[in-house]
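Have the viewer open as you read.

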Amino acid sequence: MTTETTDVHGDPAAGVAGGDYDLFGEEFVRDPAPYWRRFRARECPVAHSELYGGSWLPTRYADVVAAARDWETFTSSRGVSVVRVPQNEESPLAVGGAPPITADPPLHSWTRKLLLPAMSPQAVESYEPRTRALCRRLLEGFRGRGRADAAADYAQQIPVRIIGFLLGVPEERSDEFVGWVRSILEFANDLPRRQKAIDELVAFLRDQIEERRADPGDDLLSLFLATEVDGEPMPEELIIGEAALTLVAGTDTTWSAIGSSLLHLATHPGDRRRMVSDPEVWPLAIEEFLRFYSPVTMARIATRDAEVGGCPVAAGDRVLMAFPAANRDEEVFERADEFIIDRARNRHLAFGVGIHRCAGSNLARMELTVALEEWLRAIPEFELEDPGRVTWAGGQVRGPRSVPVVFPTAGSGISPTPTT
Ligand code: HEM
């Protein structure tokens, strides 16, 4: 890990102890865009932090794309967490990782292929009625009350149940899933909490695997169990790793995207009205939500001394695939820091780029679209109850965790600012 370069690249003006940024710092999590702007304008647009084991943060689109495409120099096989986490060497996740996201080819290639049929456009279309019914059920639970937490009562509840269905696990376990996923991603800098969650998740998956062995179904765990590699059954540590990844990758990411979009609509009545009245704007709006509020940052480890954006990084250094920062690069996106609901040119990197590009992007887009459609059908007018009570999670996956909103109900007397 190179730390001596911090003095060269560090930006005391940023006012963060330990380097240019704190991935879990309140100010950075609430609004990282001013930091990215400042870093991008510097001679070296790659920022550095010594916190959490140290990392580099490229901020230009072209630099993020180049690094993400060069998997031989920037490997995923030595950890993709944005913080350095010591491994419990006995955990199957330490032995097998969480492929395909923690793997380079050739392990990456076949573990990724395994997931793709369940994430194809046709497969995803078949999950839509279930997703819609789930959204309606959640909305029925609170629309009569005139207030809800759009993040906790709605966004957080949707993806975990759809992923649970794909893995064939009972819906009643959803709250436990949410707890594990939050401890692994949102509280990744609280190492004991993170490790406890990983151990519990692994124990849960082991039980599920035993159940599925005895009674196979039409789900991903059963598919993994039926998979052979070079004539041998897929090793159990890889099954556990791939199932854990599916759960973690498919949950927090999508709930963050749904939550950010609802927060945006609660605070931008013009955009909300446009979505209610103009079906044609939806495909563009969905992509703009993904670009503007990109939730996911992943890490790589440099396998050799190399350069990112003309700045030196040393073998062993952690380099962040800062997809959210790349999505605000003015070189690529006109008025990049503005949310433009009908932005036409939008080659955003919210789903990454290169061999690890999101395997679940069809599913994510469907869930985001259906969640917003159903919300706006049931609650076309709503606004924040108290902006001071909005809270955010940061680090690997950035998104709002509490978005208290109010909306009119027949005779409730609660009435957001009229929008028509
Ligand atoms: C809005 C929601 C989502 C966003 C923004 C998102 C973003 C990303 C990003 C940026 C990557 C690349 C990681 C890297 O380069 O290291 C990725 C990979 C991945 N995502 Fe998603 N994701 C979302 C939803 C989902 C869903 C619903 C699933 C379903 C299981 C999923 C499964 C995966 C998997 C398996 C990978 C690893 C692919 C590989 O390594 O080849 N994601 N995602």
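First, the ground rules. This is a predicted model, where local features need pLDDT of at least 70 and side-chain atom pairs count only at pLDDT 80 or more, while totals for chains, interfaces and linings use all residues. Residues are numbered from 1 along each chain as its sequence is written.

**Around the ligand.** There are 28 residues around the ligand, and Gly250, Met298, Gly352, Cys358 and Gly360 come nearest; near here is a C-beta atom, placed from the backbone, within 6 Å. The shell splits into 19 nonpolar residues, eight polar and one charged. In that tally, Ala, Val, Leu, Ile, Met, Phe, Trp, Tyr, Cys and Pro are nonpolar, Asp, Glu, Lys and Arg are charged, and the others, Gly among them, are polar. Three helices each supply at least two shell residues: H6, H13 and H17. Helices (H or I, at least four residues) and strands (E, at least two) are DSSP runs, numbered from the N terminus. The largest share, seven residues, is from H13.

| Element | Residues |
|---|---|
| Helix H6 | 107–115 |
| Helix H13 | 236–267 |
| Helix H17 | 361–378 |

**Helix H13.** Its 32 residues should span 46 Å at 1.5 Å a residue, and the end C-alpha atoms are 47 Å apart, which agrees; the expected span is 1.5 Å times one less than the number of residues. Of those 32 residues, 29 are buried, so H13 is largely enclosed by the rest of the structure. Buried means 20 or more other C-beta atoms within 10 Å of the residue's own, with 12 or fewer for exposed and partly exposed in between, C-beta atoms being placed from the backbone.

Take Leu265, which sits in H13. Leu265 is buried, with 26 other C-beta atoms within 10 Å. Leaving aside neighbours within four places in sequence, Leu265 is in contact (C-beta atoms, placed from the backbone, within 7 Å) with Asp271, Arg272 and Met275.

Three strands form an open antiparallel sheet in the order S4-S14-S11; strands pair if DSSP finds at least two bridges between them. Two bridges join S11 to S14, and Leu384 stands opposite Val405 in S14.

Conventions:
Contact = placed C-beta atoms within 7 Å.
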